[in-house]
Amino acid sequence: MPRPDTIDRRSFLRVGALAGGGLALNLGFAADLFAAEIGKGALPSAGMLNAFVSIAPDGLVTIVSKNPEIGQGISTSLPMIIAEELDADWDRVVITRAQANQALYGPQFAGGSLSTPTNWLPMRRAGATARDLLVRAAAAEWGVPAAELSTAKGVISHAASGRSTTYGAVASAAAKLTPLPAEQIKLKDPARFSIIGKPMRQVATPGIVRGEPMFGLDTRLPGMLFAVYARSPVIGAKLKRAELDAVKAKPGVRHAFPVQGNGNPMELVDGVAILATHWWLARDASDALVAEWDETIGAGHSSTTYAEKAAPLLKAVPAKVVRQDGDLAAARGSAAKRVQAEYHYPFLHHMPMEPQNCTALYENGKFTLWAPTQAPQNGIDGIVKALGVAESDITVNITRIGGGFGRRLINDTMVQAAAIAKGVPGTPVQLIVTREDDTMHGFYRPGGWHAYEALLDGKGKVTGFANHLVGFGTGGKPVRSGEINAQEFPAGLVDNLLIGQTNIETMIPTGPMRAPFSNGICFASQSFLDEVALASGRDLPTLLLEMLGEPRQLPSARPGQRGFDTGRARGVIEKVVATSGWKQRPKARGKTGYGFAFYFCHQGYSAQVVEVRVDQGKISVPRVWTATDVGSHIINTSGAQHQVRGSVIDGIGQALGQAMTFENGKAVETNFDAIQMARHEITPGRIEVDFVISDNPPTGLGEPALPPVIPALTNAIFAATGKRIRSLPIRLDETAA
Amino acid sequence: MAFTVNVNGQDRQVDLPGAMPLLWVLRDELGLLGTKFGCGIAQCGACTVHVDGAAVRSCSLPLEAVGEGKVTTIEAIAKSPVGAALQAAWVEHDVPQCGYCQSGQIMTACAALTENPKLGRAGAVEALNGNICRCGCYNRIGDAVAAVAQKLEGGARAKA
Ligand code: FES
Ligand code: FES
């Protein structure tokens with residue numbers, strides 16, 4: 001992973017003229033800096049391509065939205081950063097969507113809350129560079145020093161002479177100037193920001209409410225056929241035989257053919273392509289498919305078997321010691337109290353609202369795709385590997401995306417669509433995955449079990465802490481997004497510490513889901529710490545503040561990233577304790593309870609308090625208070641509030657109603673009837689969103705606010721009822737007090 | 001099979017199997033793409049349209065069952081004063097995140113508030129409980145719908 005604050009040093013800008021007059025600015029990045037992030041070697045170097053920022057003679061500013069939009073608001077917030085430094089009139093900014101071209105645009109990736117940190121400085125410089133060109137053009141025209149000019153809302157003024165002009169009027173002249181090197185570009189004093197930090201409405205909303213086509217599923221091409229890709233319900237099963245005559249005889253079916261995969265679920269598994277004039281006809285015809293699959297790969301991979309295997313492993317010593325500090329055994333000898341508990345969380349699926357889909361055309365040996373993808377390059381790589389085509393023969397158009405949550409970081413659907421299109425050269429194909437297939441062929445948030453132990457001295461201070469994850473592995477390694485790291489909280493804050501991991505072998509594909517890894521472990525750890533706090537005679541925020549100690553930075557889990565900052569952690573904890581009135585909360589058991597939790601992930605710090613009501617076994621959440629630190633600026637305050645509230649609601653939904661289980665490699669739950677998403681009725685009436693502004697580079701907000709809400713909820717349930725929730729999803733009746 | 005369906009005020013002739021759900025007739029035959037596919041089993045509400053003014057899940061309504069019913073989709077909802085007010089409120093309150101569920105949310109809210117202008121916030125939100133928003137925009141959906149409900153209630157009271 002590149003360090004966000006080093007990236008822009010090698011970025012560069014190129015200037016050109018627009019066809020009809022005006023200024024065009026191209027943004028090129030030294031793409032090799034991003035190679036680690038997108039998991040491949042050097043990319044082709046940047047050429048002069050479409051304008052990234054352009055200013056027309058009438059003053060209209062067009063900014064290309066280069067990053068995938070999954071609802072996180074990036075297609076509004078990145079242009080806001082450019083417009084800010086450009087001093088543009090936001091009402092005269094138009095935003096258009098980019099093709100996938102990392103050589104031209106730098107990383108085009110929506111994941112890990114990385115879009116904001118990797119683009120913050122490059123986008124500011126792009127805007128400031130354009131502004132500088134326009135100012136110099138006006139200065140030359142008037143024969144005055146550029147330093148005497150000021151800009152605001154697309155207008156350049158010279159106070160001394162009272163002259164003024166517009167960006168549009170000088171854009172063509174500016175196009176003939178040479179941009180200053182990045183290090184000479186002066187950025188705005190943040191005190192003068194007038195766009196960043198304001199609540200800006202998402203640019204796409206008027207089109208959304210009119211039902212205008214913009215999502216992957218809305219792609220339409222002349223002569224297009226619709227496809228389903230019939231797979232075995234067992235993930236990764238091999239196709240032995242398919243009878244296609246009955247399928248081909250169904251109404252509307254134009255083609256049906258088997259596709260041989262490469263055995264990698266992230267790329268292409270075996271299946272049968274069925275193409276028809278209407279999608280429902282293809283889906284309906286798939287019921288007539290008689291196919292024989294080799295499903296041995298799934299044998300024994302059942303949730304019940306996994307749980308049976310986990311139980312003894314939790315009692316044993318970890319197969320791998322991830323971190324060991326001090327001497328836990330010795331500390332045990334001198335401890336006044338010992339707290340132990342086991343926790344569990346299930347596999348989860350992302351369930352984005354727009355089912356997986358991709359439109360592809362194969363013509364003259366070249367592929368063109370229209371894909372709702374969070375990581376287009378990942379899909380391109382998959383097509384190269386599975387179909388043996390050259391990367392230069394693949395063009396990807398990124399559509400708007402009906403939700404990602406990490407599912408669309410893995411682009412098996414792009415590979416499937418390309419493989420199907422290859423079977424019908426010249427005919428565009430839209431592959432839509434049924435909701436059932438989408439759910440059954442996911443890249444799940446891995447489940448896990450934790451055995452915890454905490455040691456307290458006579459004063460209630462935590463002297464020892466052990467966290468053993470019994471998770472999942474494949475080929476001797478932890479599965480993707482299923483690895484505990486050496487900095488896992490409270491590492492570095494307790495003298496005697498053991499972090500370990502033991503893996504159960506699995507064939508279930510896993511992958512990042514919103515706040516990967518953190519989304520599960522935060523529940524377990526912060527719930528257990530609530531038990532520890534109780535044993536120490538404190539409440540959880542008090543215990544955590546004691547453990548955090550003086551503000552300082554701990555070493556980072558990942559090279560190049562900032563480590564855990566105890567001061568920032570204190571900041572959000574103290575803030576939410578104050579805003580929620582935590583100290584005055586009613587503590588008596590009853591129908592209402594208050595719970596607290598804190599977490600650090602994706603460079604963001606969030607502390608939350610949940611008010612729960614448990615009435616005759618029914619849980620409701622009237623209020624949630626959040627305090628989050630994602631650095632020095634909240635770019636779009638409206639979008640930021642949305643992300644935090646969405647995270648809170650997502651977390652509550654996960655905790656109350658979601659689990660994926662498996663039977664011999666087959667997902668049991670397949671649709672929204674079995675997987676309960678959060679709905680209006682469970683939405684807290686009030687979700688308070690507060691930010692702690694700290695002097696750190698801004699980071700993304702799609703993830704850090706999700707993990708803590710789950711343990712804050714379960715800790716609140718304990719406060720109300722005395723029932724400790726040690727397994728998700730929450731089942732009040734099954735929970736021992 | 002040949003069918004005539006009335007969609008957004010126009011009679012449309014289609015030649016399709018009667019079992020095809022209205023959703024796919026709208027999307028794949030008539031090119032009306034604002035109505036979305038979410039689950040296919042009447043669980044999410046993304047496919048909500050109006051048939052004779054009532055909110056209906058088009059993924060689970062076979063073409064042959066539409067009959068004489070007048071179908072309205074998101075593309076034509078601005079013609080209804082309540083629909084237009086909801087669209088404006090959605091923009092005003094900056095409701096969507098990804099936006100995929102929102103045409104279904106608006107269609108459901110519109111049917112509920114048209115049927116009963118005195119529904120109020122709580123009633124409207126209850127009517128929307130069947131519409132999943134995976135992004136969790138529920139607070140703002142509630143705010144936007146409440147703003148329209150309040151206006152309608154005011155109007156209903158003024159008339160009474
Ligand atoms: S698609 Fe019709 S209710 Fe989900
Ligand atoms: S806005 Fe994304 S599902 Fe509602």
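Reader: How many salt bridges does the rule find across the interface of domain 2 of chain A and domain 3 of chain A?

Author: This is a predicted model, in which local features need pLDDT of at least 70, side-chain atom pairs count only at pLDDT 80 or more, and totals for chains, interfaces and linings use all residues. Residues are numbered from 1 along each chain as its sequence is written, chains are lettered from A and ligands numbered from 1 in the order in which they are written, and side-chain values use heavy atoms, with hydrogens and water left out. A salt bridge is taken as a side-chain nitrogen of Lys or Arg within 4 Å of a carboxyl oxygen of Asp or Glu, and across the interface of domain 2 of chain A and domain 3 of chain A the number found is zero.

Reader: How do the residues of the side of domain 2 of chain A that touches domain 3 of chain A divide into nonpolar, polar and charged?

Author: Ala, Val, Leu, Ile, Met, Phe, Trp, Tyr, Cys and Pro count as nonpolar, Asp, Glu, Lys and Arg as charged, and the others, Gly among them, as polar. On that side of domain 2 of chain A the division is nine nonpolar, one polar and one charged.

Reader: What area do domain 1 of chain B and domain 2 of chain B bury between them?

Author: An automatic or database assignment sets the domain bounds, and in chain B it gives domain 1 (2-73) and domain 2 (80-159). Their contact (heavy atoms within 4.5 Å) takes 17 residues from domain 1 of chain B and ten residues from domain 2 of chain B. Carbon and sulfur atoms carry 56% of the buried area, which is about 940 Å².

Reader: How do the residues on the side of domain 1 of chain B that touches domain 2 of chain B divide by class?

Author: Across this interface in chain B the rule finds zero salt bridges. The residues on the side of domain 1 of chain B divide into two charged, nine polar and six nonpolar.

Technical notes
Buried area = accessible area lost by both parts, 1.4 Å probe.
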